[in-house]
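Hello,

Here is the structure I promised to pass on. My notes on it follow below.

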Amino acid sequence: VGSSLSSIHVFADLSADLLQTQPEKSKEYLKRIALQGQQLMDDIGDIIWIANLSEAQKHQDFIGRIKNYSQELLNSGTIEFTLKVEDVFYKTAINNEWLRTQLSKVKAHLKAAASRPDLKKVHLSIECINDQCELRFE
């Protein structure tokens, strides 16, 4: 969050300095500010979501969040998304840092997948071994 705010500040200063002399460059910086702002909103939303999770629903809510992201990011259904979750996942302890890290991975992977016009399917599996869970994308 801090680095995003710093980037927004730097790009705003650069854009303001170049507005009169190089309006196209200024416009480019404004686009970067908009992108960073959206990323910041997403990150803060995830932080708030994680902070409000109940222990009893943590696993189910995580799966629901993944499904929501897949619907939002994968071109509204033009890319098929499948998810396989091992039963042991629901019995494995997961902490908030793991959730935050994994949500970030999911969003990055789904955004990259959405930018590939040739891609038709994304599969995610959650596999757990020795009380450690990992996300695997195919």
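The torsion about the S-S bond of Cys128 and Cys133 is about 100°, so this disulfide is right-handed. Its sulfur atoms are 2.1 Å apart. A search of the whole structure finds one disulfide (a pair of cysteine sulfur atoms within 2.5 Å).

Please note that this is a predicted model: local features need pLDDT of at least 70, side-chain atom pairs count only at pLDDT 80 or more, and totals for chains, interfaces and linings use all residues. Residues are numbered from 1 along each chain as its sequence is written, and side-chain values use heavy atoms, with hydrogens and water left out.

Next, two helices (DSSP runs of H or I, at least four residues, numbered from the N terminus). The axes of H2 and H4 come within 10 Å and cross at roughly 145° (lines fitted to C-alpha atoms over the stretch in contact, with angles from 0 to 180 degrees between N-to-C directions). Contact means heavy atoms within 4.5 Å. On the H2 side, the residues include Asp42, Trp49 and Ile50. H4 brings Leu99, Arg100 and Leu103, among others.

Last, the largest pocket. Its volume is about 190 Å³ (the space filled by probe spheres set on grid points, which are joined across faces, edges and corners). A pocket is an open set of points on a 1 Å grid over the protein atoms alone, where a 1.4 Å probe fits, with protein on both sides within 12 Å along at least five of seven lines; lining residues have an atom within 4 Å of a point. Of the 10 lining residues, those closest to the centre are Gln39, Asp43, Asp46, Ser104 and Lys107. H4 gives the largest share of the lining, five residues.

Best wishes
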